[in-house]
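Thank you all for making time this morning. I would like to walk you through one model, slowly, and please keep the picture in view while I talk.

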Amino acid sequence: MSSFSDETIPSHQPIVLGCGQLCLDYLVTVSSFPNPDQKIRCTSSKVQGGGNTGNSLTCVARLGFPCRILAKVADDSQGRYMVEELESSGVDTSFCLNAKDGASHFNYVIVDNQTNTRTCIYTPGYPPLLPDDLTESLLLSVLDGVRVLYVNGRSREAELLLAQKAHSKNISILINAEKRRAGLDELLSLADYAICSTNFPQDWTESPSSPSALLSMLIRLPKLKFVIMTLGEHGCVMLERCSDEVSGSEEETDIDELHESLKQNTDYTSLLPVCNSSLVTRLGGNVTGRLVIVTAEKIPSSELIDTTGAGDAFTGALLYGLCTEMATEKMLTFSSRVVSLVLLLFYSDVIFKKASVTRVLIGIVIEGFAFEICCRLLAAAEV
């Protein structure tokens, strides 16, 4: 297993750095979810590395952008397997810290073919990554050449120390906020970009609606450039802070009314992702910005294979888009396409649903992405 040392040679290429936990997934696919006390057979199974950070960085690496991970990994067979798997995908694991007496985190994941859902049963490992593990030498080396830092708050104290150091070096920070966690507020205050689960914005802000919750986040977090709320099969909504000046006489636009108007003008029947943006407008709390709705690819249930890793692939594609300075609309559409390929491939057998995969790739080429990236997306679908 690789572990950090002061002799680690820093890279001078722009890099994505992810900090978080590695987790081993034991995936089983069943024709339908079992009833209590029922015994059933799985239709397929696989063991693979998981966890938000590892999955997202795998996507970044397979899209061809340099990335590295900072994590504490148990020196057991599962830990070694996860590190080797990341290395085989192109993720730099040289900053992983070796926990000789630790135990790896793991998940049991039940993929239900009847409902196209997955259920995760998580068992935490030990020991966690702690601030004392992050020496000044390690911090300087791991952040060398980094363009974007990705955190999610699972190792909150260590991530906060790393984020503070990144902030002092003007490194952008992307946070994935799935649910309220102790210490998450401090990380959010340092973030430049936020990706949230459907319920997080309202849970965190206690706002009466999702659009008003997104606005509340931009008001309360002045460093935040955009916040994205993911909506699963319904796509996502972004509120982006804009520096564009608007007329001083322009009245504030109600965020809920703006969202409703944008929804009515969005084609939700399209098979392909649709990106619809509002004009830049004056919003509440002295925020100037725009709302963006992105629909998801319409995938027939007969072709939908597995949703495991879809959200992490979306995050990985966003990281890639940020680092390559994609325009907002192009980045969101690209990320939606990456997710489509994850949903159309199955982990254990790598079965291609050829018609749908071809449709996705043709769409990506039409939208101006290089064919080389399309080929990488097929690999990224195994995130």
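There are zero disulfides in this structure, a disulfide being counted when two cysteine sulfur atoms lie within 2.5 Å of each other. In general terms, a disulfide is a covalent bond between the sulfur atoms of two cysteines. Of the cysteines, let me mention Cys42, which is partly exposed with a relative accessible area of 40%, and Cys242, which is buried at 15%. Here buried means under 20% relative accessible area, exposed means over 50%, and partly exposed is in between, with a 1.4 Å probe and protein chains only.

Before going further, a word of care: this is a predicted model, in which local features need pLDDT of at least 70 and side-chain atom pairs count only at pLDDT 80 or more, while totals for chains, interfaces and linings use all residues. Residues are numbered from 1 along each chain as its sequence is written, and side-chain values use heavy atoms, with hydrogens and water left out.

Let me turn to charged pairs. How many salt bridges does the structure hold? There are ten, where a salt bridge is a side-chain nitrogen of Lys or Arg within 4 Å of a carboxyl oxygen of Asp or Glu. Side chains of opposite charge can pair when their charged atoms come close.

Take Asp92 and Arg68 to begin with, whose closest N and O atoms are 3.8 Å apart. Asp92 sits in the loop between helix H2 (77-89) and strand E6 (97-99), while Arg68 belongs to strand E4 (residues 67-70), so this pair ties together parts that are 24 residues apart in sequence. Helices (H or I, at least four residues) and strands (E, at least two) are DSSP runs, numbered from the N terminus. Asp92 is partly exposed, at 26% relative accessible area, whereas Arg68 is buried at 2%.

Another salt bridge joins Asp133 and Lys72, at 2.8 Å from N to O. Asp133 lies in the loop between strand E8 (117-123) and helix H3 (136-142) and Lys72 in strand E5 (residues 72-74), so parts 61 residues apart in sequence are tied together. Asp133 is partly exposed at 22%, and Lys72 counts as buried at 18%.

Then there is Glu329 with Arg290, where the closest N and O atoms are 2.6 Å apart. This pair links distant parts of the chain, since Glu329 is in helix H10 (residues 328-343) and Arg290 in strand E16 (residues 288-294), 39 residues apart. There is also a network of salt bridges that links Arg154, Glu178 and Arg181.

Leaving aside residues up to four places away in sequence, Gln21 touches Gly51, Thr53, His105, Tyr122, Arg154 and Ser155, contact meaning heavy atoms within 4.5 Å.

Which residues have the most contacts inside the largest nonpolar core? They are Leu70, Leu149, Leu162, Val227 and Leu239, in a core of 50 residues. Such a core is a set of buried Ala, Val, Leu, Ile, Met, Phe, Trp, Tyr and Cys residues joined through side-chain atoms within 4.5 Å. Apart from this core lies another, of 44 residues, among them Leu24, Cys59, Val294 and Ala313. Returning to Leu70, its contacts beyond four places in sequence include Leu17, Phe95, Leu138 and Leu162.

Please look next at Met238, in strand E13 (residues 236-241), which counts as buried at 0% relative accessibility. Met238 and Leu291 are 53 residues apart in sequence, and yet their C-alpha atoms are 5.8 Å apart in space.

I will finish with two helices. Helix H7 (residues 210-220) is mostly covered, with eight of its eleven residues buried, and what covers those buried residues includes strand E11 (193-196), helix H6 (200-205), strand E12 (226-230), E13 and helix H8 (255-264). Helix H9 (residues 310-323) has 14 residues and reaches 20 Å from its first C-alpha to its last, close to the 20 Å expected at 1.5 Å a residue, the expected span being 1.5 Å times one less than the number of residues. Because 13 of its 14 residues are buried, H9 is largely enclosed by the rest of the structure. After H9 comes Glu325, whose phi is positive, near 60°.
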